[in-house]
Amino acid sequence: MRVVLNQRLSSKFAKPLAFALALLPFVWLVTAAALDWLGANPAEALERSTGDWTLRMLCVVLAITPLRTMAGLPALARFRRMAGLFVYFYAVLHLLAYSWFDMGFDLADIAKDIVKRPFILVGFTAIVLLTPLALTSFNRAIRALGGRQWQLLHRLVYMVAVLAIVHFFWMRAGKHNFAEVAVYAAILGSLLGWRVAKAIKKKASQPSSMLRSQL
Amino acid sequence: MLIKTQGNGFNHPVTSEITDRAHYEGRRDILKLMATGVAGGAMAAWASRQALAQTPGLVQRPGKLATLNAKPSMVAGATTVEKPTAYKDASSYNNFYEFGTDKADPAANAHTLKTSPWTVEIEGLVKKPGKLGLEELLKLSAMEERLYRLRCVEGWSMVIPWVGYSLADLIRHVEPLGNAKYVEFVTLADPKTMPFVGSRVLDWPYVEALRLDEALHPLTLLAFGMYGEVLPNQSGAPVRLVVPWKYGFKSGKSIVKIRFTDKQPATAWNKAAANEYGFYSNVNPNVDHPRWSQATERRIGEDGLFAKKRKTLMFNGYEAQVGQLYAGMDLKKLF
């Protein structure tokens, strides 16, 4: 079973298929916007759904390593970069929707809004932190940075996951509506928790490396 | 010889010049047809205004619920000349937390609301307390159609043709005592028919209130219908308040009790977050919500996706009518 799954994941069709799947929400949103299927307030619908899809892609990208390790699916590793870039893709769309529909691309207004509203600041910080990750996602950047530096830099995604949850929590706080926030927090929390647990175990088994960051 | 000139009073138009009666009376139908989009384009906007001016109803009835006849209101400021929001949008994009916090929830869930029989209890500092049945309330004063702007505190707006009469008519009927200063509106909280009553979002029942002079203002409307028909459940059937110069949440839905008091009542959103929602909550572009700007708004169904949001008006554009109610008050403090 595991062998078959690894084979399937390594097939030359697997990656294009994953790409198409990850692009589907975008295709759907553009279609729905063009055909006026987004209800009374399409701007709000687009802002919210691009945010939702950023969170979902974050869950996907952070699930890859735990799944790969626990389920013994090394073939999953080659999907990680694409999933990460899709996080950034939906995050950029989210920022674009906000800047365009809410702010009319008025940079002064956007700057004021970022300072004024803590939840916007948190969301904005998250996308700023994601940007160097997206920019260093190609092979030459990895070589130029060196594997270790590159890995350290890309651990920023853990911080981004926390900021994304805070951003979502704060946005929903006005209506005390935390059911969905709790679901995403539970998923991202357990995916990050798994990494913490692993790091602690590793530290315990190699006491000599205690001083080195292993998270 | 008799010379016919234009100067004498006995000249009559030839019959071919006289517009046929059927054609003359058909004018309104043509205007209505144009207004509903047959003519399309720029003509439709002009024609719809003409049709509005000519016919008793401000808008086409959606044909979904029972008709509620009314005459156009004569109250100053009660009929804006703006384009009414589509019924589809006004009845599907609602805040009515008893049925869920998502805008689509009320339309999906409010079918369980039982609006008949319905009574409104009058309590507190009045000469004539007691219970008024819906039938009695409907007959208490003449129904008027009013086209009001509705500005939600969340930053969007609509234009709604309401049907009802000034709350003042009811207030005078029940005769408030001299020491009555505030009017409190208690709305239905029935956990059996309202799935989200009991959720921790707000204290239930949802309570709103006005100062007595605000409640007596002719623009404060006790509404029973919209778009020429009775209210759909998600819009607060069978009877609700509409205070057009305040943020929408001040206008309680599905009202079951009206209480006259001498102390400022505790209101639902004020209790939940006093720093965000003041007792007055007048629409005010100069006083921001702590978490967002109130300077602009998005008109639902009208402002395109890429259009810049429109400027919000002081008192939602009703400053000429209601400004004097707040003369001398610091609206930044008493927001």
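Predicted model: local features only at pLDDT ≥ 70, side-chain atom pairs only at ≥ 80, totals over all residues.
Residues are numbered from 1 along each chain as its sequence is written, and chains are lettered from A and ligands numbered from 1 in the order in which they are written.

**View 1. Chain A is built from 10 helices and zero strands.** Helices (H or I, at least four residues) and strands (E, at least two) are DSSP runs, numbered from the N terminus. Read from the N terminus on, the elements of chain A run α-α-α-α-α-α-α-α-α-α. The C-alpha atoms of chain A fill a box of roughly 55 × 40 × 40 Å along the principal axes. Of the 215 residues in chain A, 22% are buried; a residue is buried if 20 or more other C-beta atoms lie within 10 Å of its own, exposed if 12 or fewer, and partly exposed in between, with C-beta atoms placed from the backbone.

**View 2. Helix α6 (residues 118-135) and helix α9 (residues 156-173) of chain A pack together at an angle of about 155°.** Their axes are 9 Å apart; axes are lines fitted to C-alpha atoms, for helices over the stretch in contact, and angles run from 0 to 180 degrees between N-to-C directions. The two helices, α6(A) and α9(A), are therefore roughly antiparallel. Angles under 35 degrees count as roughly parallel, over 145 as roughly antiparallel, 65 to 115 as roughly perpendicular and the rest as oblique. The crossing of α6(A) past α9(A) is left-handed, a term used if the near helix is turned anticlockwise from the far one by less than a right angle, with right-handed used if clockwise. Among the residues that meet here are Phe119(A), Val122(A) and Leu129(A) in α6(A), and Val160(A), Leu163(A) and Trp170(A) in α9(A). By class, this contact of α6(A) with α9(A) has 16 nonpolar, three polar and no charged residues. Two residues are in contact if their C-beta atoms, placed from the backbone, lie within 7 Å; Ala, Val, Leu, Ile, Met, Phe, Trp, Tyr, Cys and Pro count as nonpolar, Asp, Glu, Lys and Arg as charged, and the others, Gly among them, as polar.

**View 3. Helix α3 (residues 42-70) of chain A packs against helix α10 (residues 179-205) of chain A.** The angle is about 25°, and the axes are 10 Å apart. That is why α3(A) and α10(A) are described as roughly parallel to each other. They cross in a left-handed way. Leu55(A), Leu58(A), Cys59(A), Leu62(A), Ala63(A) and Pro66(A) of α3(A) make the contact with Tyr184(A), Ile187(A), Leu188(A), Leu191(A) and Trp194(A) of α10(A).

View 4. Pro25(A), Leu29(A) and Ala33(A) of α2(A) are in contact with Pro42(A), Leu46(A), Ser49(A) and Trp53(A) of α3(A).

**View 5. Helix α6 (residues 167-174) of chain B has Leu167(B), Leu170(B) and Ile171(B) as its buried residues.** Seen down the axis of α6(B), these fall within an arc of 100°, so they line one face of the helix; the arc is that of the directions from the helix axis to the C-beta atoms. They pack against β5 (156-166), α7 (212-216), β8 (221-226) and β10 (240-242) of chain B. Glu175(B), with a positive phi near 55°, follows α6(B).

**View 6. Chains A and B meet where 17 residues of chain B are in contact with 14 residues of chain A.** By class, the chain B side has eight nonpolar, three polar and six charged residues.
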